[in-house]
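Biologist: I'm new to this one. Can you walk me through it?

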Amino acid sequence: MAARDSKSSHPSRDDHQGLAVSLTAVSKTYRSGVGESVNAVDAVTLDIPPGQSLAITGRSGSGKSTLLHLIGAMDVPDEGQITIDGADIARLRDSERAALRRRIGFVFQRFHLLPALTALDNVLAPVIPYRTDFDKVTRARDLLGAVGLADRVKHLPSQLSGGEQQRVAIARALINHPGIVLADEPTGNLDTHTGAEIVAVLDRLRTERGLTLLVATHDASIAASCDRTLVLSDGRIVSDSD
Ligand SMILES: Nc1ncnc2c1ncn2[C@@H]1O[C@H](COP(=O)(O)OP(=O)(O)OP(=O)(O)O)[C@@H](O)[C@H]1O
Ligand SMILES: [Mg+2]
């Protein structure tokens, strides 16, 4: 693994911007057929302070991904209110919601890298072309250095291991200076050792940058490394270590 680029991966002041998340009686029901419905998220009330790392656990189908999608404004609740940094996301104009989404980084189980793009271009992909308020190529290189991939910048995803691909995905999630990172089973496709390395990278970046980190996981060791653990069952919080 490449040595971390300690000179340029130093977080800038605007990287210290973890956002608070608050949910009040949030519900999401999926209707799949006549009379069939699933309360994927059921009356969830939750306050997450800026900079906290929160593990969301619970068996398959308990609502972890749905909860992350709602918080990431990728899906809309049927009931309840979600505020991020004090703003009710349902009340935002489209342009404001788009701006908020750029302050949320996503990391997925299956990496979702673009296969024809190099690691560097994958990290740059979420940056809107006319954005000029930071040097995006320097930042992308710095982030690849920060995840230990300074010597893999020009590699295609097919030339990288699973753990390396997930590191690229983490760098990509951080390119727009997010305040929150949402990770949905980020180690689900990795062996235990590689998964532990990915968790360590996520946790280091979170601490350095003051990010709020929400991780849906089946992995007890990830949950143990977080500040707080929720257990969901049938869309409800049945345990909260806070
Ligand atoms: N788009 C959808 N349409 C219909 N039902 C859905 C949809 N997405 C999720 N569900 C249902 O909502 C419930 C919660 O699903 P969700 O994906 O949030 O669970 P999960 O905890 O992430 O599970 P896993 O650990 O398997 O990823 C499940 O019963 C699921 O079948
Ligand atoms: Mg899921």
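Biologist: Let's start with Ser62. Is Ser62 buried or exposed?
Modeller: Buried. This is a predicted model, by the way. The relative accessibility of Ser62 is 2%, and buried means under 20%, so Ser62 counts as buried.

Biologist: Where is Ser62 found?
Modeller: In a loop. That loop runs between β3 (53-57) and α1 (64-71).

Biologist: And what does the side chain of Ser62 reach?
Modeller: The backbone oxygen of Arg59, at 2.7 Å.

Biologist: Which residues does Ser62 touch, leaving out those up to four places away in sequence?
Modeller: Ala40, Thr57, Leu232, Ser233, Asp234 and Gly235.

Biologist: Asp234 is on that list. Where does Asp234 sit, in which loop?
Modeller: Asp234 is in the loop between β9 (228-233) and β10 (236-240).

Biologist: Is Asp234 buried or exposed?
Modeller: Exposed. Its relative accessibility is 51%, and the cut-off for exposed is over 50%, so Asp234 counts as exposed.

Biologist: What about the phi of Asp234?
Modeller: It is near 50 degrees. That is a positive value in a residue other than glycine. Most residues other than glycine have a negative phi.

Biologist: New topic: the ligand. How many residues surround ligand 1?
Modeller: 13 residues. The closest are Ser60, Gly61, Lys64, Ser65 and Thr66.

Biologist: Which element gives the largest share of that shell?
Modeller: α1, with three residues.

Biologist: How do the shell residues divide into nonpolar, polar and charged?
Modeller: Three are nonpolar, seven polar and three charged.

Biologist: What lies 2.8 Å from an oxygen atom of ligand 1?
Modeller: A polar backbone atom of Gly61. Gly63 also has a backbone N or O atom 3.0 Å from a ligand 1 oxygen. With Thr66 it is the side chain: one of its N or O atoms is 2.6 Å from an oxygen atom of ligand 1.

Biologist: How much of ligand 1 does the protein bury?
Modeller: 61% of the 630 Å² that ligand 1 exposes when taken alone.

Biologist: Last one. Which elements give two or more residues to the shell around ligand 1?
Modeller: β2 (36-48) and α1.

Note on methods. Residues are numbered from 1 along each chain as its sequence is written. Chains are lettered from A and ligands numbered from 1 in the order in which they are written. This is a predicted model: local features need pLDDT of at least 70, side-chain atom pairs count only at pLDDT 80 or more; totals for chains, interfaces and linings use all residues. Side-chain values use heavy atoms; hydrogens and water are left out. Helices (H or I, at least four residues) and strands (E, at least two) are DSSP runs, numbered from the N terminus. Buried means under 20% relative accessible area, exposed over 50%, partly exposed in between (1.4 Å probe, protein chains only). A polar contact is a pair of N or O atoms within 3.5 Å; within protein, one must be able to donate a hydrogen and the other to accept it, and residues adjacent in sequence count only if both atoms are side-chain atoms. Contact means heavy atoms within 4.5 Å. A residue is near a molecule or strand if one of its heavy atoms lies within 4 Å of it. Accessible areas come from the Shrake-Rupley method with a 1.4 Å probe; for residues, only the protein chains shown count as cover. Ala, Val, Leu, Ile, Met, Phe, Trp, Tyr, Cys and Pro count as nonpolar, Asp, Glu, Lys and Arg as charged, and the others, Gly among them, as polar.
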